[in-house]
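Reader: Can you walk me through this structure? I'd like the strands, then the helices.

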Amino acid sequence: MKRALLHSLEPGRICDIVNPGGEFEVHANFSWIDVPDDTTFADRWDPETNTVIKFTPLADPAFVTNGYKVARAIAYGSVGDQLDLLYKEIQATGTISATGTWAQHVANVKQAIPKNDPAAVLAWYDANGTP
């Protein structure tokens with residue numbers, strides 16, 4: 001069992017999670033509650049049932065619509081890294097091609113993180129860590 005910090009003006013939002021004994025003195029608008037060990041900051045507290053509602057990305061419209069954008073931005077790497085791929089290809093071949101290192105990198109990212117498959121995007125996050 002862990003301890004979660006809740007704020008009365010933001011019902012359901014978990015502000016902090018600590019091990020028992022790690023609690024600290026808080027303002028009257030805050031309170032500590034017991035929560036399961038697997039509770040995360042993405043979860044919500046339901047004061048009516050006194051239970052934690054687990055965050056499920058595939059049920060979140062924002063994740064379903066935009067999750068792939070963030071994942072691809074991470075997977076593509078920085079603009080500097082992409083420019084470096086292009087520069088090295090130009091230095092090696094004198095041109096940029098549809099089969100070159102950069103184009104292959106982009107194709108691999110798009111294949112690993114498909115736009116219209118939120119379950120595959122979630123699997124990518126699980127394998128590569130979440131932002």
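**Strands and helices**

Author: Start with β1 and β2: four bridges pair them in the antiparallel sense. Strands here are DSSP runs of E with at least two residues, helices are runs of H or I with at least four, and both are numbered from the N terminus. Two strands pair if DSSP finds at least two bridges between them. This is a predicted model: local features need pLDDT of at least 70, side-chain atom pairs count only at pLDDT 80 or more, and totals for chains, interfaces and linings use all residues. Residues are numbered from 1 along each chain as its sequence is written, and side-chain values use heavy atoms, without hydrogens and water.

Reader: Which residue in β2 is the bridge partner of Leu5?

Author: Asp16.

Reader: And what do β1 and β2 form?

Author: A hairpin, with six residues between the two strands. Gly12 sits in the turn and has a positive phi of about 90°.

Reader: What order do the strands of the open sheet take?

Author: The order is β2-β1-β3, three strands with antiparallel pairing. β2 (14–18) and β3 (30–35) are the edge strands, each pairing on one side only.

Reader: How many bridges join β1 to β3?

Author: Six, and the two strands run antiparallel. Ala4 stands opposite Ile33 in β3.

Reader: Is β1 mostly covered or uncovered?

Author: Mostly covered. Five of its six residues are buried, meaning under 20% relative accessible area with a 1.4 Å probe, protein chains only.

Reader: Helices now. At what angle do the axes of α1 and α4 cross?

Author: Roughly 40°, and the axes come within 9 Å. α1 covers residues 61–76 and α4 covers 118–128. Axes are lines fitted to C-alpha atoms over the stretch in contact, with angles from 0 to 180 degrees between N-to-C directions.

Reader: So what do you call that?

Author: α1 and α4 are therefore oblique to each other. Under 35 degrees counts as roughly parallel, over 145 as roughly antiparallel, 65 to 115 as roughly perpendicular, and the rest as oblique.

Reader: Which residues meet there?

Author: Among them are Phe63, Val64 and Gly67 in α1, and Pro118 and Trp124 in α4. Contact means heavy atoms within 4.5 Å.

Technical notes:
Buried means under 20% relative accessible area, exposed over 50%, partly exposed in between (1.4 Å probe, protein chains only).
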